[in-house]
Amino acid sequence: MINRLKGYRRLGYAVAVLIFVVVGLPALLARGCGWESEAPVKEEDGGVQVKLQVAEGKIVSMPLEQYIVGVVAAEMPVSFHEEALKAQAVAARTYTLLRLEEEPQDEEHPAAPLCSDPGHCQAWIDTAGMRKRWGWHFRSSYNKIAGAVKATSGQVLTYNGELIDPVYHSSCGGKGTEDAREVWGAEVPYLKSVRCTFDSEKKQEAVTTRLTWQEFYKRLGVDEQAVPAAAGGGAVEIGERTASGRVKNVKVGSQIISGVDLRKQLQLRSTDFKATASDKEIVFSTRGYGHAVGLCQYGADGLAQRGVKYNRILTHYYQGAKLETR
Ligand SMILES: [Zn+2]
Ligand SMILES: [Zn+2]
């Protein structure tokens, strides 16, 4: 299961990180304030060290809990509620330990089990990266994230006593999450579609992607000449939708393409879309960002803002999973 989900999870991480990158004040400003060091995170990790490839040929090693601070800092905006940050910390820790247990040797970077590339493993930034991101607010931001990590120290999610694969995404768009089966074809008992109307209003707004027909067919690898109705825009038809209302498949000419593949090939933000065709172009209107499976980050923040604690947030998105301390 882990291998099947990995690529998509990584895509999810990449997407999450892309939209979360906030350009802070220059690092220079932060350094000028005399903040020499951040509060150390107490080592309550049972001595687990994480080896991480941060650049080609450059490996760093650090205690697990310190690593998790860098992941949460990279994966969520620091403005999120602390209960959402705690939920993210538990998901990041669970993913890390799962990787260390199940895939200690990675083909892409054999010298370290994990890398800091959000397009491959899990996003991570060091304190220099945090200074750059948070600028003047480095100190308070660091303390907020480190506090969330420390409050959940050693906590992981399990299902039937085994670590879960805690996939997550940026925003479900307020539609509720998607069943893992619809995205990866695998039945995962704790990755079912759950209600989520908690994303911020802005995250529930539709986003438009316009493609010329030429670009559309090129990205799909479809021979435009073989689609007779292309010029009139009548060659694309949305077929079935999943139980959560996302596009399951699309008919392009005589071909049936899954919503998941279409999203990937056209680089759409999600499979929750409508398409409008005209003579010149096809316009996609998408809601949400990411594969929509597992924890919805913006939804987690919305729940936290409503007073829901991180353990309940986690068991809402990962139904049947248990919070355990290792
Ligand atoms: Zn990697
Ligand atoms: Zn959501």
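Predicted model: local features only at pLDDT ≥ 70, side-chain atom pairs only at ≥ 80, totals over all residues.
Me: What makes S200 partly exposed?
Reply: S200 has 14 C-beta neighbours inside 10 Å. A residue needs 20 or more to be buried and 12 or fewer to be exposed, so with 14 S200 counts as partly exposed.

Me: Where is S200 found, and which residues does S200 touch?
Reply: S200 is found in the loop between α7 (180-184) and α8 (201-204). Leaving aside residues up to four places away in sequence, S200 touches Y298 and G302. S200 and Y298 are 98 residues apart in sequence, yet their C-alpha atoms are 6.7 Å apart in space.

Me: How do you know that the span of helix α3 agrees with its number of residues?
Reply: Helix α3 covers residues 64-75, which is 12 residues. The expected span uses 1.5 Å times one less than the number of residues, so α3 should span 16 Å. Its end C-alpha atoms are 16 Å apart, and therefore the two agree.

Me: Why is α3 called mostly covered?
Reply: The cut-off for buried is 20 or more other C-beta atoms within 10 Å, and 11 of the 12 residues of α3 are buried. Among them are L64, Y67, I68 and V69, and also E65 and E75. For the chain as a whole, 46% of the 326 residues count as buried.

Me: What makes β1 and β2 a pair?
Reply: Pairing takes at least two bridges, and 6 bridges join strand β1 (residues 49-55) to strand β2 (residues 58-63). The two strands run antiparallel, and A55 has K58 as its bridge partner in β2. They form a hairpin with 2 residues between them, and G57 in the turn has a positive phi of about 80°.

Me: How do you know that β9 pairs with both β8 and β10?
Reply: Again the cut-off is at least two bridges. Strand β8 (residues 236-238) and strand β9 (residues 249-252) pair in the antiparallel sense over 3 bridges, while 4 bridges join β9 to strand β10 (residues 255-258), also antiparallel. V252 of β9 is a handy place to look: V236 stands opposite V252, and V252 stands opposite Q255 in β10. The hairpin of β9 and β10 has 2 residues between the strands, with G253 at a positive phi near 60°.

Me: How many helices and strands are there in the chain, and what share of contacts join residues at least 24 apart?
Reply: There are 12 helices and 14 strands. Among contacts between residues at least 6 apart in sequence, 70% join residues at least 24 apart.

Conventions: Residues numbered from 1 in each chain as written. Chains lettered and ligands numbered in written order. Contact = placed C-beta atoms within 7 Å.
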